[in-house]
Amino acid sequence: MTVVEYFLPRSLAQAVDLLSRHGPDLLVIAGGTVAMPLINDGISLPRQVMGLRFVGLDEIEPSDGGLRIGATTTLTSLLRQRHVPMLAEAARRTASWSIRNMGTVGGNLFTPPPGGDVAVALLALDAEVTLEGSRGRRTLALSEFQTGFMTTALEPQELLTGIGVPAVAGETTYVKFGRKEANTPSVVTVAVRVARDGEVVTDARVALGAVGPHALRARKAEAVLVGSSLEPGAIDEAAEAAAEECEPFDDGIASAWYRRAMVRLFVRRALEELVQHVALEGR
Ligand SMILES: Cc1cc2nc3c(=O)[nH]c(=O)nc-3n(C[C@H](O)[C@H](O)[C@H](O)COP(=O)(O)OP(=O)(O)OC[C@H]3O[C@@H](n4cnc5c(N)ncnc54)[C@H](O)[C@@H]3O)c2cc1C
């Protein structure tokens, strides 16, 4: 069996209509960097495919001090925006230019681990996703959207239309560790955001990638950091907590044991980097 129909709707309304008429048999693709290789290799055999390239969801706009990112915004566009540096860095560390020119921010939320490097940064920024279908529009926290390995809260007749990044307080750091410096799958990705009142941490996010079924928040590590002054003891304790609570797996890139050890190391490094950055800014 092969693809017999390929739809290229010219608006979101047309796309939603096509989805409600054809149901789950219609495979949605955005940049196609994940979906197309599966079709070409005969692993995915959809009869009908719908491309989202022309539905007009590829804008990045400032919104209430935060950012509104259309679902089909390319990773290259995310890399080039200057509003949220951590998102530019996450995009820069994702794949290669050729993949970033096609791959989308929305698609990154569906990419199974060890992919999903941008999703990790979005999780640390408390991003929300907007879903739209024939029954209307709803908004969900990203932490509730990704539900398992390759599963999400998206209903069969819905599309992901956008990602909202609120105006959140605090300093951020993003670290991706892979077997190579560039264009490499992640062993672990860490995105940290810390808000402080003077020296004391009032809010913390520690998001981890490639060490669970989807991007995860290390909530025990976050709890350790809140109330601390990011002193070495608190950083060590948070790194240990993150290593304990992650859910690493074995694959051809790294063993679960190694991934857990790298969580301990790279959460510590991310927090130390953040401390250094704050110290330099204070000079
Ligand atoms: C060589 C290579 C290297 C890569 N390296 C990395 C890396 O380092 N880090 C990383 O994170 N990823 C990496 N990836 C994965 C991928 O390129 C990116 O995650 C990209 O963001 C996926 O976006 P896409 O638009 O191409 O997804 P697509 O292939 O278009 O979509 C995949 C699936 O997601 C769903 N989907 C996508 N958008 C929507 C939507 N708006 N509404 C509903 N459903 C939707 C559909 O089910 C679709 O079939 C790599 C891929 C390749 C091929």
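# Salt bridges, spaces and surface of a predicted model

By the rule that a salt bridge is a side-chain nitrogen of Lys or Arg within 4 Å of a carboxyl oxygen of Asp or Glu, the count comes to 13 salt bridges. This is a predicted model, in which local features need pLDDT of at least 70 and side-chain atom pairs count only at pLDDT 80 or more, while totals for chains, interfaces and linings use all residues. Residues are numbered from 1 along each chain as its sequence is written, and side-chain values use heavy atoms, with hydrogens and water left out.

Side chains of opposite charge can pair when their charged atoms come close. One of the salt bridges joins the side chains of Lys176 and Asp117, at 2.7 Å from N to O. Lys176 belongs to strand 11 and Asp117 to helix 7, so this pair ties together parts that are 59 residues apart in sequence. Helices (H or I, at least four residues) and strands (E, at least two) are DSSP runs, numbered from the N terminus. Lys176 is buried, at a relative accessible area of 6%, and Asp117 is buried at 5%. Here buried means under 20% relative accessible area, exposed means over 50%, and partly exposed lies in between (1.4 Å probe, protein chains only).

A salt bridge also connects the side chains of Arg193 and Asp126, at 3.2 Å from N to O. Arg193 lies in strand 12 and Asp126 in the loop between helix 7 and strand 6 (128-133), so the pair ties together parts that are 67 residues apart in sequence. Arg193 is buried, with 4% relative accessibility, whereas Asp126 is partly exposed, with 25%.

Arg259 takes part in another salt bridge, in which its side chain meets that of Asp251 at 2.9 Å, N to O. Arg259 counts as buried, at 0% relative accessibility, while Asp251 is partly exposed, with 28%. The C-alpha atom of Arg259 is 6.5 Å from that of Val188, although the two residues are 71 residues apart along the chain. Val188 is in strand 12 (residues 186-197) and is buried, with 0% relative accessibility.

The backbone also has features to note. Most residues other than glycine have a negative phi, and most peptide bonds are trans. In Asp126, phi is near 60°, a positive value in a residue other than glycine. Asn183 has a positive phi as well, near 50°; Asn183 is located in the loop between strand 11 and strand 12 and is partly exposed, at 43% relative accessibility. Pro113 and Pro114 are joined by a cis peptide bond, with omega about 15°. Pro114 sits in the loop between helix 6 (105-108) and helix 7.

Rolling a probe the size of a water molecule over the atoms shows where empty space is left. On a 1 Å grid over the protein atoms alone, a cavity is a set of points where a 1.4 Å probe fits but cannot get out, and a pocket is an open set with protein on both sides within 12 Å along at least five of seven lines; lining residues have an atom within 4 Å of a point. A volume is the space filled by probe spheres set on the points, which are joined across faces, edges and corners.

A search of the whole structure finds one cavity of 30 Å³ or more, and the largest cavity has a volume of about 60 Å³. Val120 is in helix 7 (residues 117-124) and is buried, at 1% relative accessibility.

The second largest pocket holds about 450 Å³ of space. Of its 24 lining residues, Val84, Pro85, Met86, Gly170 and Thr172 are the closest to its centre. Strand 5 (66-70), helix 4 (85-92), strand 11 (171-178) and helix 11 (256-282) each supply at least two residues of this lining. By class, the lining has twelve nonpolar, seven polar and five charged residues.

Note on methods: Ala, Val, Leu, Ile, Met, Phe, Trp, Tyr, Cys and Pro count as nonpolar, Asp, Glu, Lys and Arg as charged, and the others, Gly among them, as polar.
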